[in-house]
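Q: Could you take me through this model step by step, giving the general idea before each particular case?

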Amino acid sequence: MIKQILGRLPRKPGKAGDSRDAAAVAGNGTEPSNSYSVARSMEPGNKRAGSGDYPAPPGVTPNPMMNGAVVYHSNEPLPAFKDVAASEKQNLFVKKVNLCCAVYDFADPTKNLKEKEVKRQTLMELVDYVTSANGKFSETVMLEITKMVSINLFRSSNPTPRDNKAIEGVDLEEDEPLMDPAWSHLQIVYEVFLRFVASQETDAKLAKRYIDHSFILRLLDLFDSEDPRERDYLKTILHRIYGKFMVHRPFIRKAINNIFYRFIFETEKHNGIAELLEILGSIINGFALPLKEEHKLFLVRALIPLHKPKCVSMYHQQLSYCITQFVEKDCKLADTVIRGLLKYWPVTNSSKEVMFLGELEEVLEATQLAEFQRCMVPLFRQIARSMNSSHFQVAERALFLWNNDHIENLIKQNYKVLLPIIYPALERNARDHWNQAVRSLTLNVRKIFSDHDSAFFGECAQRFNDEELKQEESYSKREALWKRLEEMAASKPGESNPSGTPNGKSSQAAG
């Protein structure tokens, strides 16, 4: 009887082992205490964090996100979600997220094979859980997910970008990108985070405390990754964050601006400019009218100067789309854009000039008459120079502008200003250009003007002929003058100046 009474009294808890067992039972009544281990150094209030009490197993890398503490784990996976009660699923989810905080060395594929596989399987379970969640995520879940994502993604060992070989004339598209050996895990971490951000069960008002400005800046730093698969995930995730967290939108735009400024004016080296521009293309498409002054400044200070770097071919398609979106939103910006293109127009890079001409056509297609008239004189002076280019692709691309009905209509409405500017280029091409296709296109453009106003076309032809005669006369006079000077020099071989002395001093002064 006495033994039964004493047995009902609460026993004094044991030390280390009993405490851990009690904690395990409190967290999950069916879970043995040694079936898993978590990143204890990240647990709030844990005084032993990073103290060295838990040495790193072989192949486990200490992560700077944990202030030098070691993430450790067990070889055994946690139970599946289907094996626990619904009320315990979120607790199990947190434990699985903590298990995935382990970071491994993938440089050696033979190390920690079982642990890596356990983590991979656990990450896959997290993807399924987040996708099928039917209740709002708690703040604890948000904290643990962002912590796990930070530990796995914001890694110090991210490969450094290679030098911009486009500057040296090497085509980067032919160069193999550096693939991250840890991608088999990183991809699933990205997938978990993407589904978490996109989930309707994620409350943006709560999540913004954890996906904050510091988190977004570190996410943007990852865009410089060499791995195109990683940049593709980052592009999708950042776009989702921009759409879900309205409070962060101005900050994200400003942070992207700063990346562009550093790229344009300092380094000209960055792997993710194309992906950032692709995100901005969607953002610009959603701008409300009238456009804010902030957005117009972004166009002038960031987008237009992005035409300057020599490696513009790596992101020109996305850049051209952003520029065209601005002109379609506000046609009054066409003059600003065209003059910006002329400012950065390439002089010796023919392939870049072909790209500029293609972008120019897209901009002109969205340009109205009033804006066209403001910039048409300097614009067609440049087009005339491009038409006369000895590089046949440049000349062809310039002449192809007349194949666009809208551009041809703009030109016809202002032909009395434009034809005198480009007629000399048309005439020189028709006479002297080495490429047959360029000559044929030139004759077609001449015919368009001739059919539109044959009398004025004849006046331009006459004016061009008169100018040529004047140039020939001037050339003849210059040749005659040089010939006379040569004859005078030949007739007095000992004299090199009118005074008759070699150094130009008089004979009296010499004496």
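A: Let us begin with a lysine: K96 lies in helix 3, which spans residues 89-99, where helices are DSSP runs of H or I with at least four residues, strands are runs of E with at least two, and both are numbered from the N terminus. This is a predicted model, in which local features need pLDDT of at least 70 and side-chain atom pairs count only at pLDDT 80 or more, while totals for chains, interfaces and linings use all residues. Residues are numbered from 1 along each chain as its sequence is written, and side-chain values use heavy atoms, with hydrogens and water left out.

Q: Is K96 buried or exposed?
A: Buried means under 20% relative accessible area, exposed means over 50%, and partly exposed is in between, computed with a 1.4 Å probe on protein chains only. K96 has a relative accessible area of 0% and is therefore buried.

Q: Which residues does K96 touch, and which side chain does it join in a polar contact?
A: Contact means heavy atoms within 4.5 Å. Not counting residues up to four places away in sequence, K96 touches L78, P79, A80, F81, T122, E125 and L126. A polar contact is a pair of N or O atoms within 3.5 Å; within protein, one must be able to donate a hydrogen and the other to accept it, and residues adjacent in sequence count only if both atoms are side-chain atoms. Such a contact, at 2.5 Å, joins the side chains of K96 and E125.

Q: How should I read the packing of helix 5 and helix 6?
A: Two packed helices are described by the angle between their axes and the distance between the axes. Axes are lines fitted to C-alpha atoms, for helices over the stretch in contact, and angles run from 0 to 180 degrees between N-to-C directions. Helix 5 and helix 6 (residues 183-198) pack at about 150 degrees, with their axes 10 Å apart. Angles under 35 degrees count as roughly parallel, over 145 as roughly antiparallel, 65 to 115 as roughly perpendicular and the rest as oblique, and helix 5 and helix 6 are therefore roughly antiparallel to each other.

Q: Which residues of helix 5 and helix 6 meet?
A: From helix 5, M142, I145, M148, V149, N152 and L153 meet L186, V189, Y190, V192, F193 and F196 of helix 6. By class, this contact of helix 5 with helix 6 has 11 nonpolar, 1 polar and no charged residues, where Ala, Val, Leu, Ile, Met, Phe, Trp, Tyr, Cys and Pro count as nonpolar, Asp, Glu, Lys and Arg as charged, and the others, Gly among them, as polar.

Q: At what angle do helix 10 and helix 11 pack?
A: Helix 10 (residues 249-267) and helix 11 (residues 273-285) pack at about 140 degrees, with their axes 11 Å apart, and are therefore oblique to each other. R253, I256, I259, F260 and F263 in helix 10 meet I273, L276, L277, L280 and I283 in helix 11.

Q: How many helices and strands are in the protein?
A: The protein has 22 helices and 0 strands, and 45% of its 511 residues count as buried.
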